[in-house]
Amino acid sequence: MTLQKWVFLRKLAAGFQSSRSCPTHVLRLSQSAAVNMAEESKKLAAYFAVDNSVQNNQVVGVGSGSTIVYAVDRLAERVRQEKLNIVCVPTSFQARQLILQHGLTLSDLERHPELDVAIDGADEVDAELTLIKGGGGCLTQEKIVASCSKYFVVIADYRKDSKALGQQWKKGIPIEVIPMAYVPVSRMIAKRFGGEVNLRMAISKAGPVVTDNGNFILDWKFERAQNWKEVNTAIKMIPGVVETGLFVNMAEQAYFGMEDGSVKVRKGPIN
């Protein structure tokens, strides 16, 4: 089904929902339409980014998350159709598996320490292209790969587009920490910057989430907008902190798949 049809269905379902006699199947249609709308929007952004950012004979950083699945699909498609010579460097175990499953050339930062472009998703993107990342727990490796790229591109659906951080993403800023330090780090962040800091717990296992690096994730629910560059630096200076999910002045461009089937492009500020 096309994105335009899902737009129609979503509007139709929304209209029915305004009635008190709205049947259950219409409610389900609305929820299903919203989910499929978001997925189509992710695909739009991912395909557009790969088509406009990746060229032959490049080393490409491959990010993590649900939107990246579409990017790797398109990248593999282009490699087959256009006979491209592309080398891929993953940011996580998930990204590594995607690269292998699609028959793409897998490498790492030891063999390719400088990347031509990196493509990754985000949990939220503000007007200045400051990002919150790490909802999936891969923030440290994602930031390393992004920092090694000449050009860092973000792909997301319309729900991730914000004027200011915290407007859309309500789960807080992820912070990767050494396990033994999670309590003192939590206390220091809350004392200095306010808000609430929680240890991220796993859903399908007992205990906390463990990253690919064997560390824990804290989620800091901040209370107000701040100077994110200064906050990022200050948190990273706390002993026990490995990395933050704040990506400041890193992204060159962001592509948002929109509800109407278009792709919104946002360029970062000139530094």
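The model described here is predicted. Phe-216 has a relative accessibility of 16%, and because this is under 20%, Phe-216 counts as buried.

A search of the whole structure finds seven aromatic pairs. One of them joins Tyr-182 and Phe-216 in an edge-to-face arrangement, with 5.9 Å from centre to centre and 65° between the planes. The pair links distant parts of the chain: Tyr-182 belongs to helix 6 (residues 182-193) and Phe-216 to strand 10 (residues 216-221), and the two are 34 residues apart. Elsewhere, ring pairs link Phe-193, Trp-220, Phe-222 and Trp-228 into a cluster.

Helix 6 also crosses another helix. Its axis and that of helix 7 (residues 228-236) come within 11 Å, at a crossing angle of roughly 145°. The crossing of helix 6 and helix 7 is right-handed. On the side of helix 6 the contact is made by Ile-189, Arg-192 and Phe-193, and on the side of helix 7 by Val-231, Ala-234 and Ile-235. Five residues of this contact are nonpolar, none is polar and one is charged. Arg-192 is the charged one, because Arg is classed with Asp, Glu and Lys. Phe-193 takes part in the helix contact and is also a member of the aromatic cluster.

Phe-247 has a lysine charge over its ring in two cases, listed below.

| Lysine | Ring | Distance to ring centre |
|---|---|---|
| Lys-133 | Phe-247 | 5.5 Å |
| Lys-143 | Phe-247 | 4.9 Å |

Thr-140 is found in helix 5 (residues 139-147). Is Thr-140 buried or exposed? Its relative accessibility is 9%, and because this is under 20%, Thr-140 counts as buried. Which residues does Thr-140 contact, leaving aside its neighbours within four places in sequence? They are Glu-176, Asn-213, Val-242 and Glu-243. The C-alpha atom of Thr-140 is also separated by 7.4 Å from that of Thr-244, a residue 104 residues away along the chain.

How values were computed:
Residues numbered from 1 in each chain as written. Predicted model: local features only at pLDDT ≥ 70, side-chain atom pairs only at ≥ 80, totals over all residues. Heavy atoms only, no water. Helix = DSSP H or I, 4+ residues; strand = E, 2+ residues; numbered from the N terminus. Buried < 20%, exposed > 50% of the residue type's maximum accessible area, 1.4 Å probe, protein only. Contact = heavy atoms within 4.5 Å. Phe/Tyr/Trp six-rings, centres within 6.5 Å; stacked < 30°, edge-to-face > 60°. Lys NZ or Arg CZ within 6 Å of the ring centre and 35° of its normal. Axes fitted to C-alpha atoms, helices over the stretch in contact; angles between N-to-C directions. Left-handed = near helix turned anticlockwise from the far one by under 90°.
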